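Subject: Handing over the model

Hi,

Here is the structure I promised to pass on.

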Amino acid sequence: MFSALLEYQFLQYAFAVIVLSSVVCGIMSNLIIEKNMLMISGGLAHTAYGGIGLACLLEFSPTLGALGFTLCCALFIALLHRKSHVSNDIFIALFWALGMALGIIFIGLVPGYTPNIESYLFGNILAVSDEDVLAMLCLSLLIVFSVLAFYRDWQVFLFDEEFGRLQGIAVNFYHYFLYVLVTLSIILLIRVAGIILVLALLSAPAASAGLCCRSFKGRLVLSVLFSFVFSFFGLWLSYTLDISSGACIVVFAFCIYALLLFVRRSAR
């Protein structure tokens with residue numbers, strides 16, 4: 001694969017996306033886990049299917065359709081989270097099912113042949129384009145700048161919102177902004193792992209880092225490294241065996257997490 005990496009442009013694009021998505025996954029997985037947003041992230045990922053179906057029906061970019069539809073749902077869920085006393089699980093379940101149902105209906109209404117959306121469901125990192133690389137680069141820069149420039153505010157927001165309000169931190173802004181960042185991350189990572197598997201990329205790096213390090217800053221760094229290892233070796237396995245890249249990445253991430261968990265328990 002290493003020699004092919006120097007020869008084939010699609011592998012170079014895939015490697016670039018791996019590096020950039022590692023930054024996105026490493027940072028976002030920690031923010032998501034600290035705010036208990038794993039199930040919300042899974043719900044938003046499946047909600048994107050509705051936007052993809054709508055885009056296929058109206059014949060425009062599925063990525064833009066998924067982004068617009070999921071972002072509207074995410075902000076609505078964020079508003080309900082703040083204003084409603086109903087359990088978050090209910091909103092997540094309803095939007096999760098709604099997105100999938102609308103996607104199925106929209107795709108069923110597409111005239112002629114049913115569009116092939118398998119890559120959006122299971123991911124195909126070998127099919128990324130230069131536009132995907134550019135979008136991932138912009139998202140990586142946005143996330144890194146947002147977290148590093150306001151690192152103290154993020155720490156307070158993640159661990160104690162009431163203290164943040166007393167300190168004059170715009171807690172509501174960070175609440176909605178986090179939902180926006182999660183949505184952007186999900187939409188771009190769909191190209192890597194797909195709707196069904198993207199939740200693993202937003203949980204495994206931070207979960208693995210949490211077994212090795214206690215400090216938040218240390219977990220951020222380790223999560224980025226773990227995410228790169230998962231993605232790179234998953235890509236290598238996918239290229240070697242000619243099977244789904246998203247599935248290989250997720251399986252490799254699970255195996256590493258299970259191994260770390262076994263080692264930690266054995267050490268105790």
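This is a predicted model: local features need pLDDT of at least 70, side-chain atom pairs count only at pLDDT 80 or more; totals for chains, interfaces and linings use all residues.

Residues are numbered from 1 along each chain as its sequence is written, and side-chain values use heavy atoms, with hydrogens and water left out.

On confidence, the average pLDDT (the predictor's confidence in each residue, from 0 to 100) is 84 for the protein, and 95% of the residues score at least 70. Helices here are DSSP runs of H or I with at least four residues, numbered from the N terminus.

Next, helix H3. Its 21 residues (38-58) reach 31 Å from first C-alpha to last, close to the expected 30 Å, where the expected span is 1.5 Å times one less than the number of residues. Because 16 of the 21 residues are buried, H3 is largely enclosed by the rest of the structure. Buried means under 20% relative accessible area, with a 1.4 Å probe and protein chains only. Thr47 sits in H3 and is buried, at a relative accessible area of 0%. Leaving aside residues up to four places away in sequence, Thr47 touches Phe69, Thr70, Cys73, Phe95, Trp96 and Gly99 (contact means heavy atoms within 4.5 Å). Just after H3, Glu59 takes a positive phi of about 60°.

Now the cavities. A search of the whole structure gives two of 30 Å³ or more. A cavity is a set of points on a 1 Å grid over the protein atoms alone where a 1.4 Å probe fits but cannot get out, and lining residues have an atom within 4 Å of a point. Volume is the space filled by probe spheres set on the points, which are joined across faces, edges and corners.

- The largest cavity holds about 40 Å³ and is lined by Ile52, Pro62, Thr63, Ala66, Tyr120, Ile187, Ile190 and Arg191. Helices H4 (62-83) and H10 (171-201) each give two or more residues to this lining.
- The second largest cavity also has about 40 Å³ of space, and its lining is Val17, Val128, Asp132, Met136, Leu188, Arg191 and Val192. H10 gives the most to this lining, with three residues.

Best wishes

Conventions: Buried means under 20% relative accessible area, exposed over 50%, partly exposed in between (1.4 Å probe, protein chains only). On a 1 Å grid over the protein atoms alone, a cavity is a set of points where a 1.4 Å probe fits but cannot get out, and a pocket is an open set with protein on both sides within 12 Å along at least five of seven lines; lining residues have an atom within 4 Å of a point.
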